[in-house]
Amino acid sequence: MTSSLTNIFYLIASVLLIWGLKGLTHPRTAQRGNAMGAMGMFVAVLTALVTETDLHWGYIIAGVIIGGSIGTYLALKIEMTAMPQLVALFNGLGGGASLIVAAIAMLPAIDADFSAPGLLLPVAVASVVSIVIGAVTLLGSLIAFLKLQRILRKTVVLPGQQVINGVMAAAVIVCMITLIVHPSPEILWGLIALSALLGVSLVIPIGGADMPVVIAVLNSYSGLAACGAGFVLNNNVLIISGSLVGASGMVLTRIMCRAMNRSFRNVIFGISMGGKQVDQSDDIYQGKIKSTSADEIAMILESARRVVIAPGYGMAVSQAQHAVRELTNLLEGKGIEVEFAIHPVAGRMPGHMNVLLAEADISYDKLKDMDDINPTFAQTDVAIVIGANDVVNPTARKPSGSPIAGMPILDVDQAATVIVIKRSLSPGFAGIANPLFATDHTLMYFADGKKGVNEINTALKEA
Amino acid sequence: MDIIMLLTIFVLALMVGMEIITKVPPTLHTPLMSGTNAISGIILVGALTSAKFGNPVMTNILGFTAIILATVNVVGGFLVTDRILKMFRKRD
């Protein structure tokens, strides 16, 4: 009876969580959806507390207070530019918690003093799978976090990285089988350690612009690990919620990969984009770069009717979003139409640019997806590129011969004038020259994103 | 519960998830990720209910750790998502 009642409350919680996610399909309903999801979580946790827990209350209260304080602190203090790091960290914590829960389920089987019957086969399998995914997610996310926080600055690619990963994956599988057949503490620890190493080795070779994919994959894993724990504990709400998170990560991964025209396998196995590059930047740029000043840009903007701004990771790095908002207000004050062109992989996580611009008080209906904005560039007087490179590189249109071949890009070069605000001519993540910078109607403004935009704003005000 | 029953729930939930997430606009992808971070904190329920296994001291210590990690996700995830979504308003 208790069990049926418990499951009814878990069902209510699951429905609330699904409705909550559904709210996220539109900016208007999103906040309410999030609140509904939180309510679902509350119902689930309360149900577990009342009906199922055997844990010591002191531990529960202390754990919730400590975790709740850390969570609140992080959520309220984090800078919006650091959201990718925070999501990476949360992915890791979710994986870590699932790893522990699945390991707890293995305890009776490996504890010789504890006279328990062996685990049922499906439970043992689920538990072992959950341990592996949890450990990979925990350590993989930690590495992703360190990279995004720029504590870990180097992208390390070991010789034979794929062979090493393959051997480790094989060792993990052997360990999993051994643990199911002959459970012992040594094998359990070995499996956790090996999976953690695999997590490190999978993420460590992956660099900057591929980060959105890595974060999406680890997001998915953190859900699947919880799902595995749900199989172990025979718990519906864990399986349903875990699958929702898993599905979300998978869908985002697919969107990101498509936006880079790269296969999931290439990103995940750290296959670099197209191998060795011949540096052709001298040929492409030689004598064709036109550098400009803030005053000249202000003059060009004065006579424009429609301006499109294409931001990239550089905008996040220089925290230029508030300056960009001021620029938008100034232009709109002069009756100029302003829109934003957002490439799906601009920044370091899915939707990164949107959050920064929303933070700066720019209405979300001005933020246009690539497919919506591209047809309008031909009617655009000025396109301003801020801290973006590969996502506006016309080389991608050629079907082959470059690492970004076939990647969909923002067609900024179709605008009458293109202004690129960039610190130097250095290449983007793909490591190739950008012919856009050398076209006749492109003007380069060499400056830090924030400083550059502020100077344009000053010039506009003086004009 | 029967393993096949659990598998059924898993597959159906995965499909529902895919259906819904495909409809989330790119502009909300970051709050989607932080929101799903919060949902992955559902493992808190797992941490609370796993105590029936094994040696009590060990279980309590491990359970305590898992509760901390999961609560960071639940509380942090929902709060930061709310903070982001507050910024996504239409302005005139």
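Colleague: How many of the 25 residues of α9(A) are buried?
Modeller: In this predicted model, 23 of the 25 residues of α9(A) are buried, so the helix is largely enclosed by the rest of the structure.

Colleague: What span should α9(A) have, and what does the model give?
Modeller: At 1.5 Å a residue, the 25 residues of α9(A) should span 36 Å. The end C-alpha atoms of α9(A) are 36 Å apart, which agrees.

Colleague: Is Asn234(A) buried or partly exposed?
Modeller: Asn234(A) counts as partly exposed, because 17 C-beta neighbours lie inside 10 Å, whereas a buried residue needs 20 or more.

Colleague: Now to Gln319(A): where is its place?
Modeller: Gln319(A) sits in the loop between α13 (313–317) and α14 of chain A. Gln319(A) has a positive phi of about 55 degrees, although it is not a glycine. With 16 other C-beta atoms within 10 Å, Gln319(A) is partly exposed.

Colleague: Which helix holds Val324(A)?
Modeller: Val324(A) belongs to helix α14 of chain A, which covers residues 321–333. Val324(A) is buried, since 27 other C-beta atoms lie within 10 Å.

Colleague: Which residues does Val324(A) touch, not counting residues up to four places away in sequence?
Modeller: Val324(A) touches Ile309(A), Met315(A), Ala360(A), Ile386(A) and Val453(A), if residues up to four places away in sequence are not counted.

Colleague: And how far apart are Val324(A) and Asn454(A) in space?
Modeller: From C-alpha to C-alpha, Val324(A) and Asn454(A) are 8.1 Å apart in space, while 130 residues separate them in sequence.

Colleague: Changing topic, how many residues does each chain bring to the contact of chain A and chain B?
Modeller: Chain A brings 98 residues to the contact and chain B brings 77 residues. On the side of chain A that touches chain B, the elements that give two or more residues include α1 (2–23), α2 (27–52), α8 (211–233), α9 (236–260) and β3 (367–369).

Colleague: Which element gives the most to that side of chain A?
Modeller: α4(A) gives the most to the side of chain A that touches chain B, with 17 residues. By class, that side of chain A has 60 nonpolar, 30 polar and eight charged residues.

Colleague: Over to chain B, how many residues of α2(B) are buried?
Modeller: α2(B) is mostly covered, and 12 of its 12 residues are buried. Among them are His29(B), Leu32(B), Met33(B) and Ile39(B).

Colleague: At what angle do α2(B) and α4(B) pack?
Modeller: Helix α2 (residues 29–40) of chain B packs with helix α4 (residues 56–87) of chain B at about 160 degrees, and their axes are 7 Å apart. α2(B) and α4(B) are therefore roughly antiparallel to each other, as angles over 145 degrees count as such. The crossing of α2(B) and α4(B) is left-handed.

Colleague: Which residues meet there?
Modeller: Residues of α2(B) including Thr30(B), Ser34(B) and Ala38(B) meet residues of α4(B) including Val74(B), Gly77(B) and Ile84(B). The residues of the contact of α2(B) with α4(B) comprise seven nonpolar, eight polar and no charged.

How values were computed
Residues numbered from 1 in each chain as written. Chains lettered and ligands numbered in written order. Predicted model: local features only at pLDDT ≥ 70, side-chain atom pairs only at ≥ 80, totals over all residues. Axes fitted to C-alpha atoms, helices over the stretch in contact; angles between N-to-C directions. Helix = DSSP H or I, 4+ residues; strand = E, 2+ residues; numbered from the N terminus. Parallel < 35°, antiparallel > 145°, perpendicular 65-115°, else oblique. Left-handed = near helix turned anticlockwise from the far one by under 90°. Contact = placed C-beta atoms within 7 Å. Nonpolar A, V, L, I, M, F, W, Y, C, P; charged D, E, K, R; others polar. Expected span 1.5 Å × (residues − 1).
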